[in-house]
Amino acid sequence: MTRAAAIGVVLVASGALADAASEAELHFALGSELYRQRRYAAALEHFIASNRLVPNANVTFNIAQTY
């Protein structure tokens with residue numbers, strides 16, 4: 001693999017991680033708002049989606065709290 005190709009692979013992987021983190025943040029924000037509205041089943045779905053994308057101990061706590 002050439003150096004340029006290796007750099008391209010790293011940049012694509014970094015972009016995918018950034019996209020996953022952004023999507024995880026969106027799910028967390030939606031889950032938090034639904035939790036405030038006492039819509040626990042819907043909040044749980046978003047918290048779980050967030051944690052699947054980017055595992056996070058704080059989100060795991062929110063999942064447990066929502067249950």
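Contact here means heavy atoms within 4.5 Å. The model is predicted: local features need pLDDT of at least 70, side-chain atom pairs count only at pLDDT 80 or more, and totals for chains, interfaces and linings use all residues. Residues are numbered from 1 along each chain as its sequence is written, and side-chain values use heavy atoms, with hydrogens and water left out.

View 1. Helices (H or I, at least four residues) and strands (E, at least two) are DSSP runs, numbered from the N terminus. The order of elements from the N terminus is α-α-α. Of contacts between residues at least 6 apart in sequence, 32% link residues at least 24 apart. Of the 67 residues, 22% are buried (buried is under 20% relative accessible area, exposed over 50%, partly exposed in between, with a 1.4 Å probe and protein chains only).

**View 2. A salt bridge joins the side chains of Glu-33 and Arg-36.** The N to O distance is 3.4 Å. A salt bridge requires a side-chain nitrogen of Lys or Arg within 4 Å of a carboxyl oxygen of Asp or Glu, and the count by this rule is one. Both residues lie in helix 1 (residues 3-36), three residues apart, and so are separated by about one helical turn. Glu-33 is partly exposed at 36% relative accessible area, whereas Arg-36 is exposed at 58%.

**View 3. Thr-66 lies in helix 3 (residues 57-66).** Thr-66 is buried, with 10% relative accessibility. Beyond neighbours within four places in sequence, its contacts are Tyr-35, Tyr-40, Leu-44 and Phe-47. Leu-44 is 22 residues from Thr-66 in sequence, and their C-alpha atoms are 6.4 Å apart.
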